[in-house]
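Hello,

Here is the structure I said I would pass on. Please open it first; my notes follow below.

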Amino acid sequence: MTTDHDTSDGTSARRYVPAGSAANGPYALDIDPEQAGWTHSALRVLELPAGGSHVLDTGDSEWIVLPLNGGCTVRTQGNFFELLGRESVFSGVTDFAYLPRDVHAQIASGAGGRFALAGAKCERRLPARYGPAPEVPVELRGAGGCSRQVNNFAAAGVFDCDRLIAVEVLTPGGNWSSYPPHKHDEHEPGVEAELEEIYYFEIDGGGLGYHRVSPSRPGGTDVLAEVRTGDTVLIPDGWHGPSIAAPGRDMYYLNVMAGPGETREWLIRDHPDHGWIRDTWPGQSVDPRLPLYGAEEGPR
């Protein structure tokens, strides 16, 4: 079940984007604000062969280059960053590079790989920077069957960006994450921030998971999607969650968020029918399979 919405030019914006359906040249996924029917958030997945390179003009957006598998080098404005990367999103935390708006950059990989480019339209031009893997805060969120791991590499308050917020979430097989369902589609100071969000999924070893978005307003986003590696869900509004990992198959998703608010912050409102589940967590243990890995180690 999915509900598409009209964009400003009258076309329909897909909310569930199957793997390969938004490919564009070297990008296995290319979602910009115009395609999504909103104003800020963007995501590209760049695939480079061994010895391959790609030129990126950042334009009016800031970008983070995040290795999904493999390593790369990033050159821009006299800066040179060598990203060691990782074998896969299930093998460890990765280093990353921040690219400001209005610069010309080159991404190259000797061995080849796949690299997420998380972006957001922005106003300020911040300096290009390197993000070391050991400095990424690894958070264990929830408890029991709602346990998950969050790699807060570009969370608000962790790494400085103008608009962009981005984190990675790892959910052990059989668990629910993005739960309780929550939303951030209205601006209410101190309570809720207006943020457009992209979920990009990978499933360890193949297989499937499920993701739900339910309407928070009449005619709002309504998605129940079976998700596999490379699938994407766009969330301009609505209660999102749960993301359900099938037993025996760990789930990864990359969250990319940005919005029009003057303050870069992640403020959410829980669904009133399900928020009570948080009150049960203090009496439960975190899933012993977590963390799947730490910031300075490989998988457990």
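This is a predicted model: local features need pLDDT of at least 70, side-chain atom pairs count only at pLDDT 80 or more; totals for chains, interfaces and linings use all residues.

Cis peptide bonds

Pro-242 is part of strand S22, residues 239-245 (strands are DSSP runs of E, at least two residues long, and helices are runs of H or I of at least four, both numbered from the N terminus). The bond that joins Gly-241 to Pro-242 is a cis peptide bond, with omega about 5°.

Residues are numbered from 1 along each chain as its sequence is written, and side-chain values use heavy atoms, with hydrogens and water left out.

Positive phi

Most residues other than glycine have a negative phi, and most peptide bonds are trans. Gln-77 has a positive phi, near 50°, and sits in the loop between strand S7 (61-76) and strand S8 (79-86). Asp-102 has a positive phi near 60° and belongs to the loop between strand S9 (96-99) and strand S10 (104-109). With a relative accessible area of 48%, Gln-77 is partly exposed; Asp-102, at 41%, is partly exposed too. Here buried means under 20% relative accessible area, exposed over 50%, and partly exposed in between, with a 1.4 Å probe and protein chains only.

Cores

A nonpolar core is a set of buried Ala, Val, Leu, Ile, Met, Phe, Trp, Tyr and Cys residues joined through side-chain atoms within 4.5 Å. The largest has 39 residues, of which Leu-43, Ile-64, Phe-153, Tyr-252 and Leu-254 touch the most other members. Strand S23 (residues 251-258) gives the most to this core, 4 residues. A second, separate core has 18 residues, including Leu-46, Leu-48, Leu-56 and Ala-105.

Cysteines

How many disulfides are found in the whole structure? The search gives 0, a disulfide being a pair of cysteine sulfur atoms within 2.5 Å. Take Cys-161: the closest cysteine sulfur, in Cys-122, is 8.9 Å from its own, so the two are too far apart for a bond. Cys-161 is buried, at 2% relative accessible area.

Pocket and cavity

Both were found on a 1 Å grid over the protein atoms alone: a cavity is a set of points where a 1.4 Å probe fits but cannot get out, a pocket is an open set with protein on both sides within 12 Å along at least five of seven lines, and lining residues have an atom within 4 Å of a point. Grid points are joined across faces, edges and corners, and a volume is the space filled by probe spheres set on the points.

The largest pocket has a volume of about 280 Å³. Among its 20 lining residues, Arg-141, Val-150, Val-167, Asn-255 and Trp-266 are the closest to the centre. Strands S14 (148-154), S15 (165-171), S18 (196-203) and S23 each give two or more residues to this lining.

There is 1 cavity of 30 Å³ or more. Its lining includes His-184, Asp-185 and His-240.

Regards
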